Amino acid sequence: MFDQLDAVARQLSDPGVTADSKRFQQIAKEHAGLRELVETYERYKKIKSDLQGNKDLLGDSDESLRLMAKEEIPRLEKELEELSAQLKILLLPKDPNDEKNIFLEIRAGTGGDEAGLFVADLFRLYSRYAENKGWRVEIMDSNSTGIGGYKEIILQISGESVYSDLKYEGGVHRVQRVPKTEQQGRIHTSTVTVAVLPEADDVEIRIQDKDLKIEVMRASGPGGQSVNTTDSAVRLTHLPSGEVVICRDEKSQHKNRAKALKILQARLLEAEREKQDAAISNQRKSMVGSGERSEKIRTYNYPQNRLTDHRIGLTVHNLDMVMEGQLAPIIEALRAHYQAEALQQREV
């Protein structure tokens, strides 16, 4: 562990590494993780030594020393236990995608216009959460309903450890509320699907031109009216997989094509990862959830101001605050739950 930290530290001063900003950032993140592990372990050793020293003092002839040691022991035992748990978490295998940026795809499911309106609400929720984290949000593509909602919207979210935070959001989100258009006050149930795709590096997914069918068209708005007078919208079809990506938000055909290619790379990477997971084992899916769109993960009940995450049995009664971007407590509860599961499986 110490040798590994020294080796990584030496790489940070290597001119070849410092000249490559992307490589330097990767090494710097690895160094920070190792340093946290080493510092935690050093603290653990010190507290363990202090605890043993105080236990030895319980047999000392000096009564004041015995009393002082007796008072210190509970505090040291508690800190040692906390450090031990922290070390176990730090030693868990890292998800290689945790540091990556993501594409967040939000789509209306069942529920008609109300589902489209909830897509807009989730877009606002994730945008506010990203703003609080200092992340950058870019709309890659959107298809509005014309009444303030979206049939779908695709975001690129960039920043520190984005996937690590939002990887638990993939699945079916169910909303229960009285629609704005409902005159009789009946509660309506709608669903929205969320997909969280880590951004693919070029070296991970290479797409050959011969495997692409590229079509251009005029971007259209609500009701089919033309938004642009030029053929700026782009539809990419990946022939081997049949995956289709449409981008229409930019006025430039070149920019839409570049965005569509990035989204396609991320989808193909996710498909390859799911294929590998299925072939090797179901362990990872049991730890972090499959992210499949058929999996109902959460219910947002507006009349009772209640949010329930069905995967971990968590219920909170501050839905109004969550929808304003205060998602951190939910994410921390999910992370703690799955870390505990991972530790349990490792100890079996």
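Modeller: A salt bridge is a side-chain nitrogen of Lys or Arg within 4 Å of a carboxyl oxygen of Asp or Glu, and the structure holds 28 salt bridges. This is a predicted model, in which local features need pLDDT of at least 70 and side-chain atom pairs count only at pLDDT 80 or more, while totals for chains, interfaces and linings use all residues. Residues are numbered from 1 along each chain as its sequence is written, and side-chain values use heavy atoms, with hydrogens and water left out.

In one of these pairs the side chains of Arg267 and Glu105 meet at 2.8 Å, N to O. Arg267 belongs to helix α7 (residues 253–280) and Glu105 to strand β1, so the pair ties together parts that are 162 residues apart in sequence; helices (H or I, at least four residues) and strands (E, at least two) are DSSP runs, numbered from the N terminus. Both Arg267 and Glu105 are buried, where buried means under 20% relative accessible area, exposed over 50%, and partly exposed in between (1.4 Å probe, protein chains only). Arg267 and Glu105 also belong to a network of salt bridges that links them with Arg107, Asp141, Glu152, Glu243 and Arg248.

Another salt bridge, between Arg335 and Glu332, has its closest N and O atoms 2.7 Å apart, and both residues lie in helix α10, three residues apart, about one turn of the helix. Arg335 is buried, with a relative accessible area of 14%, whereas Glu332, at 45% relative accessibility, counts as partly exposed.
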